[in-house]
Amino acid sequence: MSTTKNLSKRQNGVAFLFLSPWLVGFFLLTLGPILGSMYLSFTNYDLFNPPVWTGFDNYRKLMGGDPRYIQSLKVTFTYVLFSVPLKLGFALFIALILNRGLRGLGFYRSVFYLPSLLGGSVAVALMWRQIFSYDGIINHFLWTYLGYDAPSWITNPDYALGTLVLLAAWQFGAPMVIFLAGLKQIPQDMYDAAAIDGARPVQQFFYVTIPLLTPIIFFNFVMQTIGSFQAFTPSYIISDGTGGPADSTLFYTLYLYEQAFTDFEMGYASAIAWVLVGIIAIATSISFLSAKYWVHYGDEG
Amino acid sequence: MAATQSRRNFLKQGSAVMGGFALTVLSKGAMAQGKTRVRFSGFVESEEQLATTLKVLKAYEAKNPGVEIVPEFSTFRSFTDKLATEAAGGNAPDMFSVNVDLLAEYAARGVLAPLTEYIPDPLDVSSYQDGSVFSCTYDGQMYAMPNDAIATAIFFNPRKFEEVGVAVPDKFYTWETLQETAVALSEAHGRGFWGIEDGGGNNLPCDIFLRARGKALFTPEHTIGFDAEDGAAWFQYWEDMRQSGGCPPADVQAQAGDNSASLGIVRGRAGMLVQTTDSFIGIGALMEDPLDLMMLPNGFDGGEMKQHLYDYAGNSTGIWANAPDKALCVDIIRFMHFDPEGVELYYTGSGMIPASTEGLEKFGTSGTEEEKKLVAYLRMLREDPAPSRRPGVGGLGGMFRRGNEAVAFGDATPLEAAEALVAEINEKLAALKA
């Protein structure tokens with residue numbers, strides 16, 4: 001008995017030994033900073049002098065109507081509201097096309113996935129900037145062929161956020177690949193049965209494909225929503241890190257970054273970060289709570 | 001013959017390999033430790049400036065084989081974020097660039113070491129122009145060594161004036177004349193061309209504008225030097241300029257961003273640009289047409305005409321308060337600023353004009369044509385210099401840009417934008433003093 005116990009202990013020890021790089025990384029590089037940031041959110045910390053405990057002052061300041069913070073919230077919620085459905089819709093549309101048994105499917109799948117690989121990169125944001133600038137390709141076309149003197153799409157507050165939403169939608173590759181995998185899991189029998197019952201393709205889509213795809217839609221929706229709340233790079237690059245013009249692309253995370261590293265308000269920035277954690281947690285909880293009404297799992301019977 | 005290997009042998013050989021590797025790495029580390037390592041971080045305005053800075057640091061290393069200088073140079077924006085993070089982590093570079101506003105921030109927060117004990121030996125600043133020294137001084141102590149003398153100016157493309165027969169303003173002219181000239185250029189050149197780029201989001205010309213109104217951005221006591229009404233007049237001036245077509249609409253101007261290559265003057269879409277002289281060489285190098293420079297307006301119609309411009313240090317080198325070998329950092333600064341070989345390498349072809357009077361005179365005679373233009377401009381300002389630029393607060397450029405954009409895009413009136421600006425500056429000053 002005690003031999004078995006010792007062996008089991010030794011095996012646990014070996015397991016922990018192999019896990020130790022991850023554990024050390026998690027505790028030192030993830031959990032440590034998370035707790036540190038939680039503490040800093042209750043302090044006045046300018047990065048250079050020791051933090052001074054100020055209780056809920058930073059949170060009070062946030063709730064007290066910091067106008068740029070409110071603006072960053074508006075921008076971020078608008079971005080999430082439009083970019084997530086647009087991206088998912090587009091991803092599903094392309095996945096449906098690719099699922100029709102095209103020749104060279106692997107090639108097309110890679111081509112469509114490519115923007116997502118490059119998506120977060122500086123190069124793509126820079127390219128976007130060139131295409132939609134005042135003298136970019138789009139405006140060149142509009143002026144040459146239609147005689148329309150269009151505005152600079154990325155530096156006009158009326159359109160700047162729209163171009164960022166388009167950029168997000170264009171990076172539909174990751175959810176598309178997941179949709180495609182989901183579509184391939186739907187048994188052909190279902191479509192055959194629906195066809196025998198007289199369902200046309202559109203009806204098959206709404207009464208077979210969509211219901212059976214809801215777990216995948218749900219997964220993509222949650223992941224994309226979380227990612228969109230955390231978006232930073234597109235605005236940082238396209239607006240030169242300013243969130244401009246006129247704060248029209250001031251993403252939540254960009255304002256956080258500005259407070260921390262331009263204004264040296266690390267305590268306040270930490271509070272902003274923790275509120276974002278709360279917002280994402282609420283959004284995700286709502287998604288999960290709503291799931292029972294619209295997500296159908298195959299094993300539900 | 002089949003080679004067989006027991007687990008014990010494998011472990012033995014593995015240990016030997018690892019041990020050998022560790023010894024190699026450690027011995028190399030020990031060799032590296034033989035040299036004193038100094039990290040030098042900074043911002044540069046152009047490729048040319050980067051090249052000469054690296055050249056002078058290499059020359060110092062060649063003369064001092066025991067010293068290794070690690071250069072970490074970038075654009076201003078990347079530099080400030082990186083420096084803030086490193087300084088916060090207790091890992092700031094041993095020496096780094098500051099401008100007049102960063103100097104105030106870092107000196108007030110105890111990040112910069114005062115240079116008082118090294119003045120005048122070996123850092124003799126007696127021949128340095130007062131404005132440069134003043135812009136490196138905070139609370140009575142000098143915290144950095146001025147690398148250059150810069151001033152705000154209007155860069156212009158003479159060819160764009162000649163092409164349409166619009167006269168370049170005289171040496172002394174008014175803000176109203178500037179607007180008339182800009183509008184005339186825009187109208188004469190037609191669609192897609194503007195007389196001047198929007199300067200409303202730039203705090204530097206605003207200081208000159210305020211001085212013509214008897215105010216300034218900051219007082220010598222490091223308090224705000226203007227009120228919301230003055231700020232509103234500034235934002236209104238540029239709103240009028242936009243409305244009259246003298247400068248680009250807000251969305252077109254916003255597109256230029258921080259990138260010199262995107263500037264309207266570089267792309268042949270603007271005739272004038274408000275800038276500081278340290279960008280003159282870099283921007284000129286990007287243009288096919290020649291580039292020239294002139295003073296900003298010095299008064300208003302019907303008012304007193306007086307020279308309100310001044311030169312100051314745009315880029316200075318300071319030393320981290322916790323740098324282990326401050327004397328070595330000071331010696332590197334000495335080499336760049338006072339050693340004839342170092343001065344030659346650091347400044348020639350860099351676009352920087354030395355802050356010392358001797359340096360200025362030297363580049364006025366031996367420099368390139370562009371450098372001579374810069375020297376002539378600075379000399380002109382020094383004939384009757386206005387009191388120099390005073391330390392402000394970090395992020396001032398962003399505050400002005402936001403205020404100007406708010407007006408330009410119709411989100412705020414000039415007065416509302418100015419009130420927000422004044423409030424933000426006061427808040428920053430209060431935080432700094434706390």
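Predicted model: local features only at pLDDT ≥ 70, side-chain atom pairs only at ≥ 80, totals over all residues.
Helices here are DSSP runs of at least four residues, numbered from the N terminus. With that settled, take Phe264(A). Phe264(A) sits in the loop between α12 (252-261) and α13 (266-294) of chain A.

Is Phe264(A) buried or exposed? Phe264(A) is buried, because 25 other C-beta atoms lie within 10 Å and the cut-off for buried is 20 or more.

Chain A has another residue to look at here. Leu47(A) is not a glycine, yet has a positive phi of about 85°. Where is Leu47(A)? Look in the loop between β1 (43-44) and β2 (52-53) of chain A. Leu47(A) has 19 other C-beta atoms within 10 Å, so this residue counts as partly exposed. Phe264(A), by contrast, is buried.

Next, a helix pair in chain A. Helix α9 covers residues 188-196, and helix α10 covers residues 201-229. Their axes come within 10 Å and cross at roughly 155°. Angles over 145 degrees count as roughly antiparallel, so α9(A) is roughly antiparallel to α10(A). The crossing of these two helices is right-handed.

Which residues make that contact? From α9(A) come Met190(A), Tyr191(A) and Ala194(A). They meet Gln204(A), Tyr207(A), Val208(A) and Leu212(A) in α10(A). By type, the contact has six nonpolar residues, one polar and no charged.

Now over to chain B, starting with the overall picture. Chain B has 434 residues, and buried residues make up 50% of them. Its secondary structure comes to 17 helices and 12 strands. The C-alpha atoms fill a box of roughly 95 × 55 × 50 Å along the principal axes. What about contacts in chain B with a separation of 6 or more? Residues 24 or more positions apart account for 74% of those.

How is chain B divided? Domain 1 takes in 36-149 + 313-376. Domain 2 takes in 151-311 + 393-433. The centres of the two domains, taken over C-alpha atoms, are 28 Å apart.

The two domains of chain B also touch. In that contact, 20 residues of domain 1 face 17 residues of domain 2. On the domain 1 side, the elements giving two or more residues are α4 (100-108) and α15 (369-383) of chain B. By type, the domain 1 side has six nonpolar residues, six polar and eight charged.

On to the contact between the chains. Here 25 residues of chain B are in contact with 22 residues of chain A. Which elements of chain B give two or more residues to its side? They are α3 (76-88), α10 (250-256) and α16 (396-408) of chain B. The largest share, six residues, comes from α3(B). By type, the chain B side divides into nine nonpolar, seven polar and nine charged.

Last topic: prolines in chain B. A cis peptide bond joins Ile119(B) to Pro120(B), with omega about 10°. Pro122(B) lies in the loop between α4 and α5 of chain B too. A cis peptide bond joins Asp121(B) to Pro122(B), and omega there is about 5°.

Then there is Pro354(B). Pro354(B) lies in the loop between α13 (340-347) and α14 (357-366) of chain B. Pro354(B) counts as buried because 26 C-beta neighbours lie inside 10 Å. What does Pro354(B) touch, leaving out residues up to four places away in sequence? The list is Asp148(B), Ala149(B), Val343(B), Tyr347(B), Gly359(B), Leu360(B) and Phe363(B). Gly314(B) is 40 residues from Pro354(B) in sequence, and the two are 11 Å apart in space, C-alpha to C-alpha.

Technical notes: Residues numbered from 1 in each chain as written. Chains lettered and ligands numbered in written order. Contact = placed C-beta atoms within 7 Å. Nonpolar A, V, L, I, M, F, W, Y, C, P; charged D, E, K, R; others polar. Domains from an automatic or database assignment. Axes fitted to C-alpha atoms, helices over the stretch in contact; angles between N-to-C directions. Parallel < 35°, antiparallel > 145°, perpendicular 65-115°, else oblique. Left-handed = near helix turned anticlockwise from the far one by under 90°. Buried ≥ 20, exposed ≤ 12 C-beta atoms within 10 Å, placed from the backbone.
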